[in-house]
Amino acid sequence: MNTIYKPKGAAAEYGDYAVNIYTGCPHRCYYCFAPQVLHRDREAFHSCVGPRKDIVTELRRQLEREQITGKLVHLCFTCDPYPIGHDTTATREVIQTLKEFGNHVQILTKGDGSRDFDLLDGGDWYGVTISCDVPMANRAEPCAARPADRLYNMETAKCKGINTWVSFEPVLDPAAVLDCIKGCAYFIDRVKIGKMNYHPSDIDWAKFGREAVAACEEMGLDYYIKDSLRAEMDKP
Ligand code: SF4
């Protein structure tokens, strides 16, 4: 796989280009799809975490070879760019390299990316995933940062002039998502809203989708409904 690549399928709804920096992720979300995508043992994926071999060197080579510039690059799909408890210098170096070539980054994390806010500007995006409230997150995402801490970091990013966004996917608790939209809209620039895929759920997705749209419109929030949720809302 190329170091920087164009995502396909549902992942293409997140960005034109992407880089996956680490070999695994310690956050242990029960719904994590990355081990299947990477054909890796789930326990090994969560316990053996480090930067992909020569990630920064390979990225620089590809940027030079393919003259990739002026793009918004998503970090990351098959890992978290800020794995808690691990050295994230590789993320910092990836951001520096991408920006050196005239690109911007779109970060998505359940960790803490505040160490790199000094590298970001008004062309970059700092985003977090919110799926549920704290008690449920303690069970569903046991080793990730607490949802409130993720949002606090995002508010800090907003104060520094960085664009902010939230990925509401997967949705585990529709009420928590609606609360977040209404309570945090003042420091969110954009939201992307999906559903829960690949796991059973008794959530009424069409109802949730309509309520989420209404909440975003009430708060004047720029929103994008992912195709999977849109399909549920469009069912007759
Ligand atoms: S933060 Fe993302 S990559 Fe990490 S375990 Fe959770 S879903 Fe998987």
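Gln 67 lies in the loop between H3 and S3. In this predicted model, phi of Gln 67 is near 50 degrees, a positive value in a residue other than glycine. Gln 67 counts as exposed because 10 other C-beta atoms lie within 10 Å.

- Most residues other than glycine have a negative phi, and most peptide bonds are trans.
- Asp 54 is found in the loop between helix H2 (42–47) and helix H3 (55–66).
- Asp 54 has 11 other C-beta atoms within 10 Å, so this residue is exposed.
- A cis peptide bond joins Leu 75 and Cys 76, with omega about 0 degrees.
- Cys 76 sits in the loop between S3 and helix H4 (89–100).
- Glu 169 and Pro 170 are likewise joined by a cis peptide bond, with omega about 0 degrees.
- Pro 170 belongs to the loop between S6 and H7.

**The sheet**

- An open sheet is formed by 8 strands, in the order S1-S2-S3-S4-S5-S6-S7-S8. The pairing in this sheet is mixed.
- Strand S1 (4–5) and S8 are the edge strands, and each pairs on one side only.
- Strand S2 (residues 17–19) and strand S3 (residues 72–75) run parallel and are joined by 2 bridges.
- Tyr 17 has Val 73 in S3 as its bridge partner.

- Strand S6 (residues 163–168) pairs with strand S7 (residues 190–193) in the parallel sense, over 4 bridges.
- Between S6 and S7 the chain passes through helix H7 (residues 174–184), and this β-α-β crossover is right-handed.
- Val 166 stands opposite Val 191 in S7.
- S7 also pairs with strand S8 (residues 222–225), in the parallel sense and over 4 bridges.
- Two residue pairs can be picked out here: Arg 190 stands opposite Asp 222 in S8, and Lys 192 stands opposite Tyr 224 in S8.
- A right-handed β-α-β unit is made by S7, H8 and S8.

**The nonpolar core**

- The largest nonpolar core holds 50 residues. Val 19, Ile 21, Leu 75, Val 94 and Val 177 touch the most other members.
- Helix H8 (residues 205–219) gives the most to this core, with 5 residues.
- Beyond four places in sequence, Ile 21 touches Pro 51, Arg 52, Ile 55, Leu 75, Cys 76, Cys 79, Pro 81, Ala 90, Thr 91 and Val 94.
- The contacts of Ile 21 include Leu 75 and Cys 76, the two residues joined by a cis peptide bond.

**Leu 229**

- Leu 229 is part of helix H9 (residues 227–233).
- Is Leu 229 buried or exposed? Leu 229 counts as buried because it has 25 C-beta neighbours inside 10 Å, and the cut-off for buried is 20 or more.
- Leu 229 and Gly 209 are 20 residues apart along the chain, and their C-alpha atoms are separated by 6.7 Å.

**The ligand shell**

- Which residues surround the ligand? They are Cys 25, His 27, Arg 28, Cys 29, Cys 32, Ala 34, Cys 79, Asp 80, Lys 110 and Ala 144.
- By class, this shell has 6 nonpolar, 1 polar and 3 charged residues.
- Cys 79 is one of the residues around the ligand, and Cys 79 is also among the contacts of Ile 21.

Key
Residues numbered from 1 in each chain as written. Predicted model: local features only at pLDDT ≥ 70, side-chain atom pairs only at ≥ 80, totals over all residues. Core = buried A, V, L, I, M, F, W, Y, C linked by C-beta atoms within 7 Å. Buried ≥ 20, exposed ≤ 12 C-beta atoms within 10 Å, placed from the backbone. Contact = placed C-beta atoms within 7 Å. Near = placed C-beta within 6 Å. Nonpolar A, V, L, I, M, F, W, Y, C, P; charged D, E, K, R; others polar. Pairing = 2+ DSSP bridges. Right-handed = clockwise from strand over helix to strand, strands pointing away.
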